[in-house]
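Me: I'd like a close look at one part of this predicted model: the aromatic rings and the nonpolar core around them. Could you walk me through that in one go?

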Amino acid sequence: MGWQGKDPSTDFRGGGFISLENLLYFAQNFPKSFQDLLRKQEGDRSVWEYPFAVAGVNITFMLIQMLDLEAVKPRTLVGATFLKFLADSDSAFDLLYCITFKLMDHQWLSMRASYMDFNTVMKATRRQLEKELLNEDVARLEELPSYGLLSR
């Protein structure tokens, strides 16, 4: 699955237990997309791919930071915007995680990235996601343009 060592628990430092919950939600709710990413079945893949599970942990960590979820009250516009989605659905964070993982892989392929480009791809993914979340025409996460990348 792309763990960095023999003990996967050490890879959860950055994203915590919620990153495991995110991976499980993704596998259960979007099994086709999950399997396609896990097995790297879509697109012209690099010889040095990102490790799947560790990428998932990094996505959780990036979302927590981007949405300012560790603050009592979000200090960013994107964080405040996300609270509206969360008020509508308890699984908003999990769904956003799935969207973000597919978007990251899409960026990876578009950029023809390899392992050393991971941070650059994550930054591009974050910029695109922020742009989509701040679009005033989007009232539900399912209306984000990147939601269309997911398949069940």
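Reply: Let's start at a ring with a charge on it: K40 lies over the face of Y50, 4.0 Å from the ring centre. Keep in mind that this is a predicted model. Y50 itself sits in the loop between helix 2 and helix 3, and at 2% relative accessibility it counts as buried, the cut-off being under 20%.

Now for ring pairs. A pair of aromatic rings is described by how far apart the centres are and by the angle of the planes. Searching the whole structure turns up 10 aromatic pairs. Take F34 and F52: their centres are 5.2 Å apart and their planes are at 85°, so this pair is edge-to-face, the class for angles over 60 degrees. F34 belongs to helix 2 and F52 to helix 3, so the pair ties together parts 18 residues apart in sequence. Both F34 and F52 are buried.

Back to Y50, which also has a ring partner: with F118 it makes a tilted pair, 6.5 Å centre to centre and with 40° between the planes. F118 lies in helix 6 and Y50 in that loop between helix 2 and helix 3, so here the pair ties together parts that are 68 residues apart in sequence. F118 is buried too, with a relative accessible area of 12%. There's a cluster as well: ring pairs link F26, F34, F52, Y97 and F101.

Next, the core. The largest nonpolar core has 39 residues, and those with the most contacts inside it are F26, L96, F101, M104, L133 and L141. Two or more residues come from each of helix 1 (16-29), helix 2 (31-38), helix 3 (52-66), helix 4 (77-88), helix 5 (92-110) and helix 6 (118-133). Helix 5 gives the most, with 11 residues.

One more Phe is worth a stop. F85 has its place in helix 4 and is buried, with a relative accessible area of 5%. Again not counting residues up to four places away in sequence, F85 touches A92, L133, V138, A139, R140 and L141. Two of those names, L133 and L141, are also on the list of residues with the most contacts inside the core. As for A139, it is 54 residues from F85 along the chain, yet their C-alpha atoms are separated by 7.8 Å.

Conventions
Residues numbered from 1 in each chain as written. Predicted model: local features only at pLDDT ≥ 70, side-chain atom pairs only at ≥ 80, totals over all residues. Heavy atoms only, no water. Core = buried A, V, L, I, M, F, W, Y, C linked by side-chain atoms within 4.5 Å. Buried < 20%, exposed > 50% of the residue type's maximum accessible area, 1.4 Å probe, protein only. Helix = DSSP H or I, 4+ residues; strand = E, 2+ residues; numbered from the N terminus. Contact = heavy atoms within 4.5 Å. Phe/Tyr/Trp six-rings, centres within 6.5 Å; stacked < 30°, edge-to-face > 60°. Lys NZ or Arg CZ within 6 Å of the ring centre and 35° of its normal.
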